[in-house]
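Dear colleague,

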Amino acid sequence: MHTTPTPTPPAPERTPVPGAVGKGLAWAYERVTAIRNGWYDVNAGKKLDRPVVSIGNLSAGGTGKTPMVIHLVGVLKEAKLNPAIAMRGYKAPGGNPAMSDEAQEYSRALPLVPLAVGKDRAAELKEMFTTRRGHDVNCVLLDDGFQHRQLFRDLDIVLIDATRSPFADRQLPAGLLREPVTGLKRAHAVVITHAQGVSREQLAGLAEEIRGVHGKPPLAMCRHVWRTLVSGDGPASERNMSPDVLRGKRVAVACAIGNPAPLLAAVRTLGEIVHALVLPDHDPFGASAVKKFAQGARDAKADVIVVTEKDWSKLRDLPANTWPCPVLRPRLALSFSQGEQALSDLVVGTIKSWRKSK
């Protein structure tokens, strides 16, 4: 059996700088972060004429922001609200933020929801509001917005990955933290994600640590579940099937996401991983990497290849004969063990209160 390789580390998010050098750089990074946050504490970011709800985190990637944003779009639509999504569009091919992997994932999952993609999210949103597509937008979900304080938000929700506790981590570049855990004090609510990856005792301990800093326990806890596996691309060719189709199968896995561990664990509960390619977050999947992975899957006699929806954005246009076997991708859903209604009430209530005040 082929063993899962050690992930190829990017810089700086997943390459902790060791020793005294890392600690020194982390100390300097923390000082700069503190100064920046102190400035924004007394100088609010740009305000829009619509309410903004931020979904963010403390760590570099991998906490499940995209599934949470998709979930909250459904909550807002059910409440008869019309959200837009604003995001950075990180590492987009050709420098076009709208073609970033996450932007394309949102476009496939939520084709009727307007996207504002770019470094200056306030400017992108204001421009979108002038278009026909943005005319009916009456609220904004800010993807990965906790540190993007240039844009004022009416509600800050912070996600914490149960499998990568920030309380056991260090500041970049010695660890994965974008800012210290004390940043939770400015969050309105904290939600624990990937709860399926740890024990009840670990969840309870994490919740208590969050309460100690945030002042309140986590508003909600959820786990990521595979709702379906999808083959094909586009409404005409897509086929949905049960994740159980992987049972007893030899599986090759490829991903370039912030935290690959939950994906690999989910595959292992169903089939046998016989080959894996784990690349840095947002890696473009260059031709040589794809060729090597496909050959590895072929040599390992894989029955099926599993990639994420985000990574499919970079692989979907490759010829079908690139792959030695079918390519499937999981569609995720959030399953809440607690706090689902409280989270929905907070988000919808904040937006409706804002509208009533105007």
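Which residues in α2 and α3 meet? In this predicted model, local features need pLDDT of at least 70 and side-chain atom pairs count only at pLDDT 80 or more, while totals for chains, interfaces and linings use all residues. Residues are numbered from 1 along each chain as its sequence is written, and side-chain values use heavy atoms, with hydrogens and water left out.

On the α2 side the residues are K65, T66, V69 and I70, and they meet E102, E105, Y106 and A109 in α3 (contact means heavy atoms within 4.5 Å; helices are DSSP runs of H or I, at least four residues, numbered from the N terminus). By class, this contact has four nonpolar, one polar and three charged residues (Ala, Val, Leu, Ile, Met, Phe, Trp, Tyr, Cys and Pro count as nonpolar, Asp, Glu, Lys and Arg as charged, and the others, Gly among them, as polar).

The axes of α2 (residues 65-78) and α3 (residues 101-109) come within 11 Å and cross at roughly 30 degrees, the axes being lines fitted to C-alpha atoms over the stretch in contact, with angles from 0 to 180 degrees between N-to-C directions. The two helices are therefore roughly parallel to each other (angles under 35 degrees).

With α9 (residues 340-357), the axis of α2 comes within 10 Å and crosses at roughly 65 degrees, and that makes α2 roughly perpendicular to α9 (65 to 115 degrees). Here M68, H71, L72, V75 and L76 in α2 meet E340, L343, S344, V347, V348 and I351 in α9, a contact that divides into eight nonpolar, two polar and one charged residue.

Best regards

Conventions
Parallel < 35°, antiparallel > 145°, perpendicular 65-115°, else oblique.
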